[in-house]
Amino acid sequence: MQALLYLSMSAQFIAAVQIIVYAGAIMVLFLFVIMLLNLGSPEALKERGGLQAPAAVVLALVFLLLLAGVGALGGSQVNHLMNPSVIASYGTVDAIGKTIFDPSKPWLFPFEATSILLLIGVVGAITLAKRRL
Amino acid sequence: MPAVPTSYYLGLSGVLFTIGMIGVLIKRNPIVIFMCIELMLNAVNLSFIALGRHFGHMAGQMMVIFVMAIAAAEVAIGLGIIVAIFRTKETINIDEINLLKY
């Protein structure tokens, strides 16, 4: 669904990555953990009553109103139809690769930092999941 | 072919973010809370892409790539933590996970 929205905004590469990461990695992780936990009866996780749920809904409505207010104030700038004459290569793998690996743009260092972050994530997940190191 | 206005995408993004926020605030199951956090991240991604397209700038798509990488790492670590907690406490109800309080 979200990938389709990305496609409609000419972000082809992001749409493909969305499907691969979310359907291939994150959803599988969720299903795997649900299988591992073997929670049994749903009674243990019964939502308790009290003031929390109504308060949360009220706060969320306030938040939505705030967003709508900001949109109404600054919306005139984004309300018009986008200019369809953006460059044809916008959102392709080619354009993204050229942007991300361009040393004159600020994306190269975050890219490398992300690789280290993912490495730390892998090591941390293994450490957490192992019974004894 | 007329394009969809950017404000529609931003509105959808705001609604998705609010749904995720409600879920985080009222749910007791940390797995559902993680799904709601993913929903909020996706809402932000959607507005990044919409605004990036609107201004014809690549920065929006770059940010989405990094947000996705961080979301993947966060889910891996978070679910690992949930499994570890379940192993020691035999429950994952977040109302009963309050060891840091004492």
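Figure 1. Residues are numbered from 1 along each chain as its sequence is written, while chains are lettered from A and ligands numbered from 1 in the order in which they are written.

Figure 2. Chain A has 5 helices and 0 strands. Helices (H or I, at least four residues) and strands (E, at least two) are DSSP runs, numbered from the N terminus. Along the sequence, the pattern of chain A reads α-α-α-α-α. The average pLDDT of chain A is 81, and 80% of the residues score at least 70. Here pLDDT is the predictor's confidence in each residue, from 0 to 100. Among the elements of chain A, helix 5 (residues 108-129) has the highest mean pLDDT, 91. Helix 3 (residues 52-78) of chain A has the lowest, 83. Where pLDDT is low, the predicted coordinates should not be read in detail.

Figure 3. Helix 2 of chain A covers residues 12-37. Its 26 residues should span 38 Å at 1.5 Å a residue, and its end C-alpha atoms are 36 Å apart, which agrees. The expected span is 1.5 Å times one less than the number of residues. A kink of about 30° is centred on A:Tyr22; the bend at a residue is the angle between axes fitted to the seven residues ending there and the seven starting there. A:Tyr22 is also buried, as are A:Ile14, A:Ala15, A:Gln18, A:Ile26 and A:Val33 of this helix. A residue is buried if 20 or more other C-beta atoms lie within 10 Å of its own, exposed if 12 or fewer, and partly exposed in between, with C-beta atoms placed from the backbone. The cover over these buried residues includes helix 1 (2-8) of chain A, plus helix 2 and helix 3 of chain B. Just after helix 2 of chain A, A:Asn38 takes a positive phi of about 55°. In chain A as a whole, buried residues make up 11% of the 133 residues.

**Figure 4. The side of chain B that touches chain A.** In this pairing, 48 residues of chain B are in contact with 52 residues of chain A. Contact means that the C-beta atoms of two residues, placed from the backbone, lie within 7 Å. Helix 1, helix 2 (30-55) and helix 3 (59-89) of chain B each give two or more residues to this side. Helix 3 of chain B gives the largest share, 20 residues. By class, the side has 33 nonpolar, 12 polar and 3 charged residues. Ala, Val, Leu, Ile, Met, Phe, Trp, Tyr, Cys and Pro count as nonpolar, Asp, Glu, Lys and Arg as charged, and the others, Gly among them, as polar.

Figure 5. B:Ile22 lies in helix 1 (residues 6-26) of chain B. B:Ile22 is partly exposed because it has 19 C-beta neighbours inside 10 Å. Beyond its neighbours within four places in sequence, B:Ile22 is in contact with A:Ala56, A:Val57 and A:Ala60. B:Phe34 sits in helix 2 of chain B. B:Phe34 counts as buried because it has 22 such neighbours inside 10 Å. Sequence neighbours within four places aside, B:Phe34 is in contact with B:Val75 and B:Gly78.

Note on methods
This is a predicted model: local features need pLDDT of at least 70, side-chain atom pairs count only at pLDDT 80 or more; totals for chains, interfaces and linings use all residues.
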